[in-house]
Amino acid sequence: MSQISIARPAPIAFPSRFKPLAVNLNLRAYFLLAPSLVFLVAFTYWPVLQVLWQALHQQDSGHTVFVGLANFTAIFADSAFRNALVNNLIYAVATVVPSLILALGFAITLQQSSWVNGLLRSLIFAPVLVPLIAVSSLFLFIFLPGIGLLDHYLAMLGLAGANWVGDPDIALYSIVGLTIWKNAGYYMLFFLAGLQAIPAEAGEIAMIEGASHWQRLRYVTLPYLHNSLAFVLVIALLNVVTQVDHIFVLTKGGPSESTNLLLFYVYQQAVEHYDIGKASAATVVSLVFLLGLSAVSLRRMEQSAEAQT
Amino acid sequence: MSNRLLSMSALAVAACLTTFGAAQAATNIEMFFPVPVDGQLARDMGTLVKKFNDTHPDIVVTPVFTGSYDDTLIKTNAATKAGKPPAAVIMSANFLTDLVIEGQIQPFDDLIKASGKTDDEFMGQFFKALHPNAVINGNVYGVPFQNSTPLLYYNKEQFKEAGLDPEHPPKTWQELIVAAQKLTKRDGERVTRWGITMPSSYDYCGWLLEALTMSNGGRWFNEDYGGEVYYNAPSTLGAVTFWSDLANKFKVHPTGEQKAPGVSTAFLAGQTAMMVLSTGSLTHVRKNAKFPFGVAFVPSNVRNAVPIGGASLVQPKGLDAEKRKAGWTLITWLTAPEQSGWWSRATGYFAPNKGAYALPDMKEFLAKNPEAKIALEQLEYAKPWFATYKTLAVRKAIEDQMQAVLSGKVEPKQAVETAQKNADEIMRPYVERTALKLPAMN
């Protein structure tokens, strides 16, 4: 039954008992971690350092020159970068809020185990299983003006369609719609797990006290789900910055820059402008943004976890 | 986890390749190649390279499929930076000027001289329109491999139904509007069939606008100097306005940005009666059209003229002499008449080597496929493809404006002025260190 004792968080609870073994254990731990560490250093930390170095340098006809923060001032002076930043913010709010609300709604509706709910859960989760790049290729044809699946069904209802990803006014929102469809099922999974952890008595007591559905959600379910919510929020915000497959396939940031996002801007600077300096500076900006975001959210999660215990 | 697995397997493969390479006496080289359509064409390339390896025992070529033209550029740059440049790359022909300015590719002149030819003699085997995108500052940097021009495709059945002569497609902009008006079908407010559709997603947008501008007598860019474009010239303004009128005034062309796959799908589904698309799509349309279709020159306003498109073979800097020579052997073999013709028939691109059309296989093919012949005839009016310093960014400067015009958000006049201003801004560093770098005397 040794497996069970490993799974138990005992060492944290009684640290003093394990102290004499700590050094020994550490060496072994590092030895076991070594293969992953090598790759982590080679493919994560080293590139991060390289990006930082490149962000402070500029290629000038074959020579690399130290330019200080010039790349950063250059990107903030670039209207395309500011446009990408604004687009990314709109995209973040417009995808994360509805995705989380939908995911929570799905999770609460489908939390009881039954074969119908199991089937519905699988259906809602299905889009997560398809790679974003494949989804985007499919949506290219769903979004086609006139003959696409979307316009086809709208026409059956007597509604006029639109040029979903070709009209600069609505292209970003079409991308938002796709992202919500793709991600809501994934977030639902975390909420389902979170709901399982709520003691049944909590809800029953509230019911006996005569709490309405809304009150039970507001005062019982949501407080218990606080941790899941914070975690899903971090994941969702990370996705907003790190996923651009659909931009590549569907719009390439267009039409008229209306769907350009930060990561795609980085790609454009590196590939289309041959400007590694500006690309690195933009990468650093999004990296700092992401790290700050995760730090704040994780901090809050820890604090609330402490407050609960 | 999967990332780590991937990198591990990549390392393992790299290790295998290195040991394998050391054991061989022959020169091992890599060729990076993109294909416009995945699957079949990548296999066709495999067939071609296998034939080369079988007939050249002293060289072993490994073909590396590198995705799209853009991806191929990225991967070539990455490999060159890592000190492992491929010995041959099929590179989008409009990247060459840029690559020369950035110092990433090397000229072939010494290799051509060693083969006992002059540059002119060597380039003489290719169609004249292809030279400016391959010969830069008097040096041969690229050898044309697969090329295209824009072409007007039309649905003959719908022409008949609309009372138009299917054997006489529109030749001028005037005739194009008249035909498109007759072909457009409306169901109340909703359009069920468009007269004409032209793709306006990035890349296609700039290429077709260049075609319209050239058909309007314009030059679009300075083909001898990478720091000038003529976006606010009357010929360009006329072209932007014409495209805008088709959509916004005559309403025979859908508004907003149109994507290339959407345009060909709409044409094949009978929802647009005409379209302008690359000759490279001929094979696809021929295989999938369930109706008789015709092709014609891009209609003109002032003169017949279209830009070329496609790709050339190039060599990055940093190759050792032996690999460079092996790469050159591969490049000359791939662009020789027989291979050039074979690849043309497989893809729908035209063969850049004029000699290909003298071979019996090609003559027979053209007799069976008259559309391919029209694409070839248009070549006589073809001009160079847009290529400047930071080509993609400069092209995007006008594409963003054109897309806004097609969505009715900007007027053509304002669009070309903004595009010119933005393009000048992008090219400024280059202009300042070239055309505006003047001798200073004290």
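In the predicted model, K278(A) pairs with D78(A) in a salt bridge, with 3.5 Å between the closest N and O atoms. K278(A) belongs to helix 16 (residues 276–308) of chain A, while D78(A) sits in the loop between helix 5 (70–77) and helix 6 (79–109), so the bridge ties together parts that lie 200 residues apart in sequence. Both partners, K278(A) and D78(A), are buried. Side chains of opposite charge can pair when their charged atoms come close. Over all chains, a search of the whole structure finds 20 salt bridges.

R193(B) and E161(B) meet through their side chains in a salt bridge, at 3.5 Å from N to O. R193(B) lies in strand 9 (residues 190–197) of chain B and E161(B) in helix 7 (residues 156–161) of that chain, so this pair ties together parts 32 residues apart in sequence. The two partners have separate surroundings. R193(B) has a relative accessibility of 5% and therefore counts as buried. E161(B) is exposed, because its relative accessible area is 53%, and the cut-off for exposed is over 50%.

E257(B) and K259(B) also form a salt bridge, their closest N and O atoms being 2.4 Å apart. E257(B) is buried, and K259(B) is buried too.

Salt bridges also occur between the chains. The count between chain B and chain A is two. In one salt bridge, the side chains of E257(A) and K396(B) meet at 2.1 Å, N to O. Across the interface of chain B and chain A, twelve residue pairs are in polar contact, both residues being at pLDDT 80 or more.

On the side of chain B that touches chain A, the elements giving two or more residues are helix 1 (2–23), helix 3 (69–81), helix 4 (96–101), helix 11 (260–268) and helix 17 (391–406). Helix 17 of chain B gives the most to this side, with six residues. By class, this side of chain B holds twelve nonpolar, eleven polar and twelve charged residues.

The contact as a whole involves 35 residues of chain B and 30 residues of chain A. Together the two chains bury about 2600 Å² between them. Carbon and sulfur atoms account for 62% of that buried area.

How values were computed. Residues are numbered from 1 along each chain as its sequence is written. Chains are lettered from A and ligands numbered from 1 in the order in which they are written. This is a predicted model: local features need pLDDT of at least 70, side-chain atom pairs count only at pLDDT 80 or more; totals for chains, interfaces and linings use all residues. Side-chain values use heavy atoms; hydrogens and water are left out. A salt bridge is a side-chain nitrogen of Lys or Arg within 4 Å of a carboxyl oxygen of Asp or Glu. Helices (H or I, at least four residues) and strands (E, at least two) are DSSP runs, numbered from the N terminus. Buried means under 20% relative accessible area, exposed over 50%, partly exposed in between (1.4 Å probe, protein chains only). Contact means heavy atoms within 4.5 Å. Buried area is the accessible area (1.4 Å probe) that two parts lose on being put together, summed over both. A polar contact is a pair of N or O atoms within 3.5 Å; within protein, one must be able to donate a hydrogen and the other to accept it, and residues adjacent in sequence count only if both atoms are side-chain atoms. Ala, Val, Leu, Ile, Met, Phe, Trp, Tyr, Cys and Pro count as nonpolar, Asp, Glu, Lys and Arg as charged, and the others, Gly among them, as polar.
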